[in-house]
Amino acid sequence: MTPFQRRYVAAAGLGDILDKVLAGGRLSAGDGMTLYRHPDLLAVGVLANEVRERQHGSVTYYIVNQHINHTNICVAGCKFCAFYRTDKQKDAYVLSPLDVERRMLEHAEQPIREIHMVGGVNPDLPFSYYLDIIRTMKRVRPEVHVKAFTMVEIAAMAENFDMTPEDVLRQLKDAGLGSIPGGGAEILTDHAHQVLFKGKIDHRGWMEIAKTAHRLGLKSNATMMYGHVETLEERIDHMLLLREAQDETGGFMAFIPLAFHPENTRLSHLNKPSASDELRNLAVGRLMLDNFPHIKAYWIMMTPRVAQAGLHFGADDLDGTVVTEEIYHRAGSTSPQMISVRQMIALIEEAGRVPVERDTLYNPIGSVPRRPSTDPRAVPPSPVDTIVARENAPGV
Ligand code: SF4
């Protein structure tokens, strides 16, 4: 942080939080509320950027991935959802393992490293369906990482098939599941649960499954869908629950704030959150979740341009190329269905950041710019560590 930025943040009345951030201290719930209510978004962004650059320098991650939604039939009936259908509706669908294989083969020429798969809570599917889907994906592309099923879907499988969540996760993992996406969290409070999504698990259930997955060696992300009926205090409560769980398991990779898209939902009278709200949620997330390694600006929800700006408000990851996205496009997302690797790299470079392709677990892939060591016995530093150390060196 430059001396000018320090003076600017202190002059904005955020000196106490600045001191904590510079000392690597933990922010309180009250600090979080100050950051949400503060009129100077740029000052909040400067603070978040300080943490982002201390951890990642200019490195910005992306992944070449494909999204597949295996079914839109769902019995949970969340009020904010434009994706789900009942089994009687004309456009209800379930993809068979063969359909999934076809979708993957349509993009066989692309170096896809991850399949991101989530769907509705569909009680008519047998447990073998989920195992078959995962095995199919691993057969078609053995190198691909399967990141699939929200905590909500896993809870429903446990209930429908009279299994414990641990048994469900173990069997999915044995079939080839690599990690869990982290959706379905929405806002982890009783109020939001009662008003919006009481047909599915509450925050206790969501957290129990997340922690179980982490204990079994399955990493996950954690989302936060905001901009509907929740208060700012509830957003902070959500982050504090995640931070506490992360202290316990260390299993979360990225925090992903998702702006609510009201179109075609039962909350279509609400306004979509503004771009400044989107940037602020990235920044507050970066500052409150000091134990989360990554903050993701999910371009599908934010649009590529706002996500790009988010790279200066705490985000260090833009997610992936995606290929076909259904859930947010049905709710009015105006983002494209996919972006190419070239467009992704351009987005990151235009923001003055360094693009680094990653796998699902944030291992860098390919050639990241690095300085070779002159000591033949030296263990080479990771390419990303090299960039971060170079950028954070005194005097740079
Ligand atoms: S958000 Fe998920 S669980 Fe809720 S209705 Fe939509 S598909 Fe079903």
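Of the contacts in the protein chain between residues at least 6 apart in sequence, 78% join residues at least 24 apart. The model is a predicted one, and its protein chain of 396 residues has 49% of them buried. The secondary structure of the protein chain consists of 15 helices and ten strands.

**Strand β4 and its two faces**

- Strand β4, which spans residues 145-148, is covered on both faces, with H145 and K147 buried on one side and V146 and A148 buried on the other.
- In a regular strand the side chains alternate between the two faces of the sheet, and in β4 the residues on either side follow one another in this way, H145 and K147 lying on one side and V146 and A148 on the other.

**Strands paired with β4**

- Strand β3 (residues 114-117) runs parallel to β4 and is joined to β4 by four bridges, and in this pairing E114 stands opposite H145 of β4.

**Surroundings of the ligand**

- The residues that surround the ligand are C74, A76, G77, C78, C81, F83, Y84, G120, V121, V152, F197 and K200.
- Classified by residue type, this shell around the ligand comprises nine nonpolar, two polar and one charged residues.

How values were computed. Residues are numbered from 1 along each chain as its sequence is written. This is a predicted model: local features need pLDDT of at least 70, side-chain atom pairs count only at pLDDT 80 or more; totals for chains, interfaces and linings use all residues. A residue is buried if 20 or more other C-beta atoms lie within 10 Å of its own, exposed if 12 or fewer, and partly exposed in between; C-beta atoms are placed from the backbone. Two residues are in contact if their C-beta atoms, placed from the backbone, lie within 7 Å. A residue is near a molecule or strand if its C-beta atom, placed from the backbone, lies within 6 Å of it. Ala, Val, Leu, Ile, Met, Phe, Trp, Tyr, Cys and Pro count as nonpolar, Asp, Glu, Lys and Arg as charged, and the others, Gly among them, as polar. Two strands pair if DSSP finds at least two bridges between them.
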